Amino acid sequence: MEYLDFKTARCKDCFKCLRECPVKAIKFENRQAQIVEERCILCGTCTSVCPQNAKKVNSELAKIEAILAGGGQAIASVAPSFASSFGVQSFSMMRLAIAKLGFAYAEETAVGAEAVSAAYVRLLETHEYKNFITSACPAINRMIQAYYPGALKYLAPVDSPMTAHGKLLKQRFPNAKIVFIGPCIAKKREAAESGIIDAVLTFEELSQLFANRNIALERAADVNTGDGGESVNRARRYPISRGIIKSFINPPDEYEYVAVDGVKRCFEALEDIETYSGLFIEMNCCEYGCVNGPCILKNPGGAIKANKEIRDYANKNAANMAAAGKTAARSLDLLVKRPSLHLHFATPGERDIQFILAKSGKLKPEDELNCGACGYSTCREKALSVFNGLADIEMCIPYMRARAESMSYEIIQNSPNGIIVLDGDYKILELNNAARRILGITAASAKGLNAFDCFNCGDYLIACSEGKSIHKKNVFIGETGKYAEMSIILLRDHKIMFGVYKDISDKVEFDKKLDEVKNETLNTTDGVIKKQMRVAQEIASLLGETTAETKVALLKLKKTLQREHETEDA
């Protein structure tokens, strides 16, 4: 079952979630962040740091509404951090509001926490623990099971307050469905694995339900809910740092009692656990404790103010905390075994690591920047994740930047067209050899020079003044005697402009020669035509004279023949 995931298409390759994830339980597939369920401790850090708000906590609202509509008895176990999230100092108000949702009964999880504190004391009195780590935080428990199995012997084999309270409620209401309400994502998995808690409702979801049903807590302020006598439950301090320690009345003197909150500090404590002796360590995954959980309701003043509100609430005489439940807790079995969790994580050989490093341009130790931009602390740690299919080569930002710059450089330098890039002050940012050849730029290192000192920039001035790109099909470059097809493109957002020059000198020269041939051909053709006309005229003239002479001769012959004929007839 997925308890936490990221919304599709919201990931922007910033790797912030991976950078902040203490156990690197995030992989990237198709440029999309995904939770690696077996590695995740459900601390919720990724949900709070994601700039795209891409978190998606698995909701059990539909399941809970089905429970409420099913006609059975639904009981709510409410984490004491409700006092800071909802800004109320009376559980009576909360109980009434929850009853309006359809719950038959609601009780503070602090009842179970009180039983857990008593179980801790009993274990401490056995003097069997070199060090003692509390087990109230399911994210810390999971972290020890998966990543620090050597510290399991110090982890208290005691149920969390939620599970302990669930057992107490099941004793009193055997057929009831138990729903835990709190600020923690990790409780969802713990509840599913417990077999005691039927569903988990976060404070965010509870607030949504109240809004949907138009239920306002302040309207319940003066309602008498029929609570019994008055008592103080010191376990209401559990949601804040040192809350567990302060729940004890007379703890054994052999231990030094310290509180460690925040995943990174817990990591540090667990790394050195074997060097400690005689420490009772209260561990909380969230900094400042549960009042800073991933699904709290954020209020002005944040965790600092929330700590004070919990202390004020815990110190107040509040409603009776079910004395029958406390009595039952003395005989209830709250011991639990937490086995080591074996993660499927292959360890590659040095050759495999070096091969992966080489694919991202890290051919020698000094190439390993260990910048952490990809989310991993070191390049080797990232290579290990690549080997296990949790990361991609392309996640190395310096490598991808160098690769992009290298590709851009190669494309520009090998382009047959001249390319030159200027900034807003007409300083040369980039140019290729073709541009040098076409524009006649002879400076050995032209980058950074003023373009006006290197070639004629008149067209760039015009483009800037008119605020638009320019394209000219035939530009004569006086410095080199070349002709070019020129395009000047403005990139206003980047405050740069670049020119592209296509050398058309050969074409222009060819066109000139072609024009010369055409003109010569036309002239030759014109001469031939004129000569032919002249010959034709001369022929016509000669033909005219010959025809006239022939006519005269023929007439004379005709007359002679006529005379001879007349003589013969006579």
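Colleague: Which residues of helix α16 are buried?

Modeller: In α16, spanning residues 379–387, they are C379, K382, A383, S385 and V386. Buried here is under 20% relative accessible area, exposed is over 50%, and partly exposed lies in between, with a 1.4 Å probe and protein chains only. Bear in mind that this is a predicted model, where local features need pLDDT of at least 70, side-chain atom pairs count only at pLDDT 80 or more, and totals for chains, interfaces and linings use all residues. Residues are numbered from 1 along each chain as its sequence is written, and side-chain values use heavy atoms, leaving out hydrogens and water.

Colleague: Why does S84 count as buried?

Modeller: Its relative accessibility is 7%, under the 20% cut-off, so S84 counts as buried. S84 is in helix α4 (residues 82–85). Leaving aside neighbours within four places in sequence, S84 contacts V291, N299, A306, E309 and I310.

Colleague: Why are α7 and α9 called roughly perpendicular?

Modeller: The axes of α7 (residues 138–147) and α9 (residues 186–194) cross at roughly 75° and come within 8 Å. Under 35 degrees is roughly parallel, over 145 roughly antiparallel, 65 to 115 roughly perpendicular and the rest oblique, so α7 and α9 are roughly perpendicular. Axes are lines fitted to C-alpha atoms, for helices over the stretch in contact, with angles from 0 to 180 degrees between N-to-C directions.

Colleague: Which residues make that contact?

Modeller: P138, A139 and R142 from α7, plus A186, K187, R189, E190 and E193 from α9.

Colleague: What makes β15 and β16 edge strands?

Modeller: The open sheet has five strands in the order β15-β14-β18-β17-β16, with antiparallel pairing. β15 (428–431) and β16 (470–477) each have a single partner strand, so one side of each lacks a neighbour in the sheet. From one strand to the next, the twist averages 20°.

Colleague: How do you know that β14 and β18 pair?

Modeller: Pairing takes at least two DSSP bridges between two strands. β14 (residues 418–423) and β18 (residues 496–503) have six bridges, in the antiparallel sense, so they pair by that definition. D423 stands opposite I496 in β18.

Technical notes. Helices (H or I, at least four residues) and strands (E, at least two) are DSSP runs, numbered from the N terminus. Contact means heavy atoms within 4.5 Å.
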